[in-house]
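Hi everyone, thanks for coming. I'd like to walk you through one fold today, so please have a look at the model before I start talking.

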Amino acid sequence: MSHIVAISPHLDDAAFSVGGLLAARARSGDRVTIVTCFTGNVAQPQGFALACQTDKGLGPDIDYMALRRAEDDAACAVIGADAVHLPFLEAPHRGYTSAAELFGSRRQDDGMVEPLAAALSERLAELAPSLLLGPLAIGDHVDHWVVRDALAATGLPFLLWEDWPYLRRADTRPNMEPLIRHALTDADRDARYGMCAAYASQLGFQFGGPDALARQTAEIRHENLYRP
Ligand SMILES: [Zn+2]
């Protein structure tokens with residue numbers, strides 16, 4: 001039995017990007033683990049960090065990260081994957097104060113790569129993946145780049161997925177040939193939709209709702225993996 005470990009920046013990225021491939025591997029009997037890096041809470045989010053929650057219709061009294069961790073547990077349950085939640089803070093809780101900054105250059109005081117690489121090294125020593133996956137960072141979200149750089153810093157071999165839905169918006173494909181082109185079966189697509197739909201708090205913001213997610217998922221033919 002192989003063990004596929006996907007290193008997700010946020011609570012949704014792995015399912016959004018390679019949910020079909022993970023579902024296919026789980027169905028064929030492989031063990032699948034999704035490790036999500038930025039799942040930590042701050043007690044009382046303020047400013048932009050709070051806005052990232054309230055603009056999804058979730059009031060300040062709701063424990064936003066707890067809700068999203070529960071969504072991730074439900075998404076993983078769709079394919080029988082294990083969920084691991086690392087307690088690092090998302091960029092809006094690390095000094096990034098606008099949407100533009102999330103997709104701009106890394107803050108000089110954002111010393112996130114080193115501690116994340118250390119935490120990943122420790123976890124991956126236990127998990128012993130036979131295939132390790134992470135984000136290509138299409139769309140240039142700073143947290144996706146931090147995860148990609150931290151994976152590189154572990155020294156372990158890994159492959160990169162195309163970040164969805166950024167791939168769709170940016171309409172930019174990587175300027176190289178994928179190492180693996182996983183053709184989605186109907187069963188893969190259904191499982192992928194089921195996983196993605198579990199992240200209910202994100203669907204309006206990311207897709208315009210579950211129906212739009214279903215339509216966009218139906219268009220996907222392949223999930224591609226690249227060498228770093
Ligand atoms: Zn993300």
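A word of caution to begin with: what you see is a predicted model.

So, the sheet. In what order do the strands of the open sheet come? Reading across, the order is β3-β2-β1-β4-β5-β7-β6, which gives seven strands with mixed pairing. At the edges stand β3, residues 82-85, and β6; each has a single partner strand, so one side of each is left without a neighbour in the sheet. If you ignore direction, neighbouring strands are turned by 25 degrees against each other on average.

Let's step through part of that order, strand by strand. Strand β4, residues 131-135, pairs with β5 in the parallel sense, over three bridges. If you want a landmark there, find Leu133, which stands opposite Leu159 in β5.

Now a helix on this sheet. Helix α1, residues 13-27, packs on it and touches β1 (3-8), β2 (31-36), β4, β5, β6 and β7. The direction of α1 makes about 175 degrees with that of β1. Helix α3, residues 64-79, lies across β2 and β3, and runs at about 155 degrees to β3.

Back to the strands, please. Moving on from β5, residues 159-161, we reach β7, residues 222-226: these two run antiparallel and are joined by two bridges. Here Trp161 stands opposite Leu225 in β7. On to β6, residues 180-183, which pairs with β7 over four bridges, again in the antiparallel sense. The landmark for this pair is His182, standing opposite Glu223 in β7.

Last stop: the helix pair. How do the axes of α8 and α10 cross? Helix α8 covers residues 186-197 and helix α10 covers residues 210-218; their axes come within 10 Å and cross at roughly 150 degrees. Angles over 145 degrees count as roughly antiparallel, and that is why α8 is described as roughly antiparallel to α10. The crossing itself is right-handed.

And which residues meet there? From α8 we have Arg189, Arg192, Tyr193, Cys196 and Ala197, and from α10 they meet Pro210, Leu213, Ala214 and Thr217. By type, the residues of this contact divide into six nonpolar, one polar and two charged.

How values were computed: Residues numbered from 1 in each chain as written. Predicted model: local features only at pLDDT ≥ 70, side-chain atom pairs only at ≥ 80, totals over all residues. Pairing = 2+ DSSP bridges. Axes fitted to C-alpha atoms, helices over the stretch in contact; angles between N-to-C directions. Parallel < 35°, antiparallel > 145°, perpendicular 65-115°, else oblique. Left-handed = near helix turned anticlockwise from the far one by under 90°. Contact = placed C-beta atoms within 7 Å. Nonpolar A, V, L, I, M, F, W, Y, C, P; charged D, E, K, R; others polar.
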